[in-house]
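Hi,

Here's the structure I said I'd pass on.

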Amino acid sequence: MNTIFRKSMLSVAGLAFAGGVFAGPIAAHANPVDAKPVAVAVQSAAPKPQGDQSRISLNDEQTANVKAIIAATKKAGLPERAAVISIATSLQESKLENLGHLGDMNDHDSLGLFQQRPSSGWGTPEQITDPEYSTTAFLKGLKQVDGWQDMALTDAAQTVQVSAYPDAYAQWEQQATDLVAQHWNS
């Protein structure tokens with residue numbers, strides 16, 4: 001019985017192969033008008049922005065800081081997604097303004113584009129207020145986050161920044177994405 005079953009299966013496989021060999025060339029010459037388009041779902045490399053999105057108009061200083069973040073990201077050999085996360089983080093932390101000491105309005109000793117703190121080991125005040133340095137420091141932290149490339153932006157940013165408002169970064173993802181698209185190749 002086992003032999004009969006095996007021979008039957010080989011016969012079926014042979015017919016399927018022969019059908020494919022002969023139908024393949026015939027199908028290649030089918031009338032393309034009869035062909036129907038097939039919808040294919042393509043997953044984007046980057047996750048879609050989460051939640052409501054915010055947007056601000058940028059002045060020349062803020063645009064220069066966007067370009068500095070992108071330059072530091074490229075120099076670090078990281079992809080556009082890293083620049084998007086960095087810019088969204090800076091939009092949340094400082095609205096892309098290189099903040100010095102703000103007195104009573106300041107959150108502890110936070111400075112610069114990313115509101116990094118000298119007392120937390122991010123660098124000296126002079127380093128933290130250098131856009132290239134502060135971006136490189138942020139990116140160094142980002143690279144230490146396993147799977148950051150596939151994470152929701154707010155999760156990746158929060159893991160580096162440890163903010164009291166962990167979901168706040170998400171609102172800037174679309175503007176950050178647009179800014180990277182606009183300035184990455186400029």
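Predicted model: local features only at pLDDT ≥ 70, side-chain atom pairs only at ≥ 80, totals over all residues.

Helix α3 (residues 80–94) meets helix α7 (residues 173–183) at an angle of about 130°, and their axes are 8 Å apart. That angle makes α3 oblique to α7, and the crossing of the two is right-handed. On the α3 side the contact is made by E80, R81, A83, V84, I87, A88 and L91, while α7 brings in E173, Q175, A176, T177, L179 and V180. Sort the residues of this contact by type and you get eight nonpolar, two polar and three charged.

Next, have a look at helix α6 (residues 153–161). How much of α6 is covered? Most of it, with seven of its nine residues buried. Those are L153, T154, A156, A157, Q158, V160 and Q161, and they pack against α3, α5 (131–143) and α7.

Last, the aromatic rings. Searching the whole structure gives one aromatic pair: F114 and F138, which are stacked, at 4.9 Å centre to centre with 10° between the planes. F114 sits in the loop between α3 and α4 (125–128) and F138 in helix α5, so the pair ties together parts that are 24 residues apart in sequence. Are F114 and F138 buried or exposed? Both are buried.

Cheers

Methods: Residues numbered from 1 in each chain as written. Heavy atoms only, no water. Axes fitted to C-alpha atoms, helices over the stretch in contact; angles between N-to-C directions. Helix = DSSP H or I, 4+ residues; strand = E, 2+ residues; numbered from the N terminus. Parallel < 35°, antiparallel > 145°, perpendicular 65-115°, else oblique. Left-handed = near helix turned anticlockwise from the far one by under 90°. Contact = heavy atoms within 4.5 Å. Nonpolar A, V, L, I, M, F, W, Y, C, P; charged D, E, K, R; others polar. Buried < 20%, exposed > 50% of the residue type's maximum accessible area, 1.4 Å probe, protein only. Phe/Tyr/Trp six-rings, centres within 6.5 Å; stacked < 30°, edge-to-face > 60°.
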